[in-house]
Each structure stands twice: as structure tokens, then as C-alpha cells.
Amino acid sequence: MVFSHLIILSLLLPSLPKSMSKSFLDSAQDTEFTDWLVSIRRKIHQWPELAFQEVKTSELIRSELDRMGIEYTWPVAETGVVAIIGSGSGPVFGLRADMDALPLQEMAEWEYKSKIDGKMHACGHDLHVTMLLGAARLLQQNKDKLKGRVKLLFQPGEEGYAGAHHMIQQGALESVQAIFAMHVDPFTPAGMITSKPGPLLAASGRFRVTIKGKGGHAAEPHLAADPIVATGFCVLALQQLVSRETDPLESRAVSIGFVKAGEGAFNVIPETSVFGGTYRSLTTEGFSFLKLRIQQIVEAQSDVHRCTATIDFMEEKLIPYPALVNNEGIYNHVKNVGERLLGRKHVALAPPALGAEDFSFYAQKVPAAMFYVGVGTEGSTVDQVHSLHSPWFVADERALSVGAALHAAVATEYLEKNWEGLENNNELVNSE
């Protein structure tokens, strides 16, 4: 099949005229368009919904797609929406936005703060959805010029529940040759984008450990098998996985997020202790190594202290995320489009980080790239910026038009280049 393996045409091929990409930005920065983007974002922000509960968000997306005359499939992975723009047998390019919010109480005071207690869009997914809807409108307005099709993936359950994995299982990536996504970054000024080729974000997994000993009176510890002592040695030993068993030039992390034992009595040694956390690595090999050693260390330390340990990596309920590795060809394509669209000084390299993103599941299947889009507020200093997942997180909404235009330009130029490749070679080829 023409599209079965390789995806990206050499970037040496002619690109769309500069005016095409610039026209997307000009349209997205039109007052009526930006007002529409802002209104969409604020509606979503006020009514945040957690993973696989994005009912109102999905309804809003479908309503806007209906107004635009864009065909879509729903439901996909419970609340997800997959739309298609364009026609014909040419290449297919994917654009993705995640929809879910976080279980946080919004603390920032502004007119459009969350109306739902204990729920907030603190990771910018309301912005992601809005940008992709903006791109949908731009692409639909130019659908007759598309040299192929653009598939829009509005995805549920990114925050810990591997929504991308479930979208793929239900066919969302069918026929897609390459895919692109953006994530907001409050530490980058609005109007800038950043990323890097290769590993961008870490593989991440969770573990929960139950250590069982023998309870007793605090005055007679020799008659007990203290699970708290065993837990303490486990926590300390796990820290050495990074400090003494990992190459200092590699990036890994093991973090304990909670420890629970006893019922609050001062003079009782409890029978059990429970603790858990996450482990992360920028490589698959490092991730597998950490998982193996966590199990070995916990079991050994528990045995030394006359206890037994049960370790649950929760891989069925909370699927581990693979490392997000940007395809070099797609990265270069987006970088070049971004430089033409925004200017070279507004496109920069980003360092790798040990956060995780389930966009990595798509990147395992087809060439993919994720870029950060700045939402840093004008005039803010570093110590005034609140990170993602903060109840004080705020975003500069001027970034919405940048994200919408970049989505549209990246997809359109990809289709143009690969359509020319099909005409010339009848196949898609890699690019670097």
C-alpha cells in the first residue's frame, strides 16, 4: 500500500508559497476570529471535565464542527471525536488535541474561572481544543486547496489514563501517515514555539507497594516485624537507583509520592505499610531497568526486615506511558513551517524533560512531533509564572491564534509536499 510505511517527503521539495501559511495567521488574528477563539476557550475553561467524562466538551466540539460542515465520528474512546477535512486519495495528516481537565480547585481569580468545584483546566487542554477547532475552521475554509486529508483527533483521558492508547485501539490513526500536536508552555512567551528532535518527554509508570510485617506494642519491638522500618529502608534504597546505578549523563527519576502506616496511635507498631510513586526515563531501556530494580529492591529490603512485599505496577488500570520521541523529519518540517509563519527568532530549542505525555502512543505508530506553544503572560518574571498543574495557572489567550494557524500550516504544507512526492515517485519518502 502506498502509505503503509513511510511518511515524509524530503523537505528539499518546494513548499507552499509563503503567503499561504501567512494567510492562516492573518485570518486567525482577525478580530472576529480571535474573539471566537477566546469565547470557545472560556466556555471550556469554565466547565472542566475529568478523563473520559468530557461530555460537555465533546458536545461543544461537535456543535462547532457541525456549524463548519465538517464530518466526524463520535464517540471514539467514549467521548473522543475524530473529524476529517478534505477528500481524495492523497496523504493523510493528523492533528491532535486532548480534552480532559484535572482534579484541582482553581485559585486564580478571574471572570471565567472554573464553575466546577475541585476541577480545573490547569494543563491547558482547553487551549489545545480551542486551537484545534481554530485550525479546523481555517482548513475547512481552504478545503478545496488541500492535497489530501487532515484528520483531527479530539482525545479524552490524557491525564494519566492513556486516552491516546484507547483512541488508537478504536481506529483513530487509520490511514494517518504522520501526526502533530502542541502543548502550552507558561514559561515561554506567547508567540513563540519550542521543541527538539528525538526524546522530548519521559516514559512514566506508577507503583504501589504493600509491606506486611507483624504488629505489636511499641515497648516490645523485638516481638514485632516493623513494616515502617522496612518501608524507610526501601525509600532510601530506591533513591540510589538514580544516584548510584544510573549513568550521570542519562535522565531518570524515581519519586515516592505517599507513605501510609498505622492509625495514629503513638505506641502501636502496625501490621502493614503502604507507599507508592512514579518512575521515569527518557529511554525504553532505562524504564525497563527501573521497573526491574524497584521490584528487586523492595522485595530484598522487606525480606531483610522479616516482612513480605506486594508490588503493583498498575499496568492494566493505569497504562504506563512510553517516552515521547519526536521524529526528526516531522520536527524539521514543523520547525521550518514555524519559522516561515512566526519568524526564526520565535522558534527555539527546548530541553528534554521527565514529564510524560500520552501523545507518545501515536509517536510509536507513525512519525510524530510535539511542539510547545508559549502562553506566558506579557511582563511576567520567572518567579511570577505558575507552572502547569498549578491551581494558579493562567495563560495569554493571544497564543490561540498562533496555535490555530500553526496547526493548519503544518498540515497543509505536509500534504502539499507529499502530494508532489506521490506524483513524482508514487511513494512517500523519509526526510531529515
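1. Let's start with the lining of the largest pocket in this predicted model: by class, 12 of its residues are nonpolar, seven are polar and six are charged. The pocket holds about 630 Å³ of space, and its lining is made up of 25 residues. Nearest the centre you will find Cys123, Glu159, Gly355, Ala356 and His389.

2. Which strand gives the most to that lining? E5 does, with five residues. At least two lining residues come from each of strand E5 (178-189), strand E8 (203-212), strand E12 (272-281) and strand E16 (368-376).

3. The second largest pocket is worth a look too, with a volume of about 210 Å³. Its lining divides into seven nonpolar, two polar and two charged residues. Among them are Leu50, Pro103, Tyr161, Arg206 and Leu318. Glu159 is also part of this lining, and in the largest pocket Glu159 lies among the residues nearest the centre.

4. Now for the sheet: four strands make up an open, antiparallel arrangement in the order E10-E12-E8-E13. Strand E10 (252-261) and strand E13 (308-312) sit at the edges, each pairing on one side only. From one strand to the next, the twist averages 20 degrees.

5. Within this sheet, E10 and E12 are joined by nine bridges in the antiparallel sense.

6. Finally, the helices. Helix H7 (residues 284-304) packs on the sheet and touches E8, E10, E12 and E13; its direction makes about 160 degrees with that of E12. Helix H6 (residues 227-243) lies across E8, E10 and E12, and runs at about 170 degrees to E10.

Note on methods:
Residues are numbered from 1 along each chain as its sequence is written. This is a predicted model: local features need pLDDT of at least 70, side-chain atom pairs count only at pLDDT 80 or more; totals for chains, interfaces and linings use all residues. Side-chain values use heavy atoms; hydrogens and water are left out. On a 1 Å grid over the protein atoms alone, a cavity is a set of points where a 1.4 Å probe fits but cannot get out, and a pocket is an open set with protein on both sides within 12 Å along at least five of seven lines; lining residues have an atom within 4 Å of a point. Grid points are joined across faces, edges and corners, and a volume is the space filled by probe spheres set on the points. Ala, Val, Leu, Ile, Met, Phe, Trp, Tyr, Cys and Pro count as nonpolar, Asp, Glu, Lys and Arg as charged, and the others, Gly among them, as polar. Two strands pair if DSSP finds at least two bridges between them. Axes are lines fitted to C-alpha atoms, for helices over the stretch in contact, and angles run from 0 to 180 degrees between N-to-C directions. Contact means heavy atoms within 4.5 Å.
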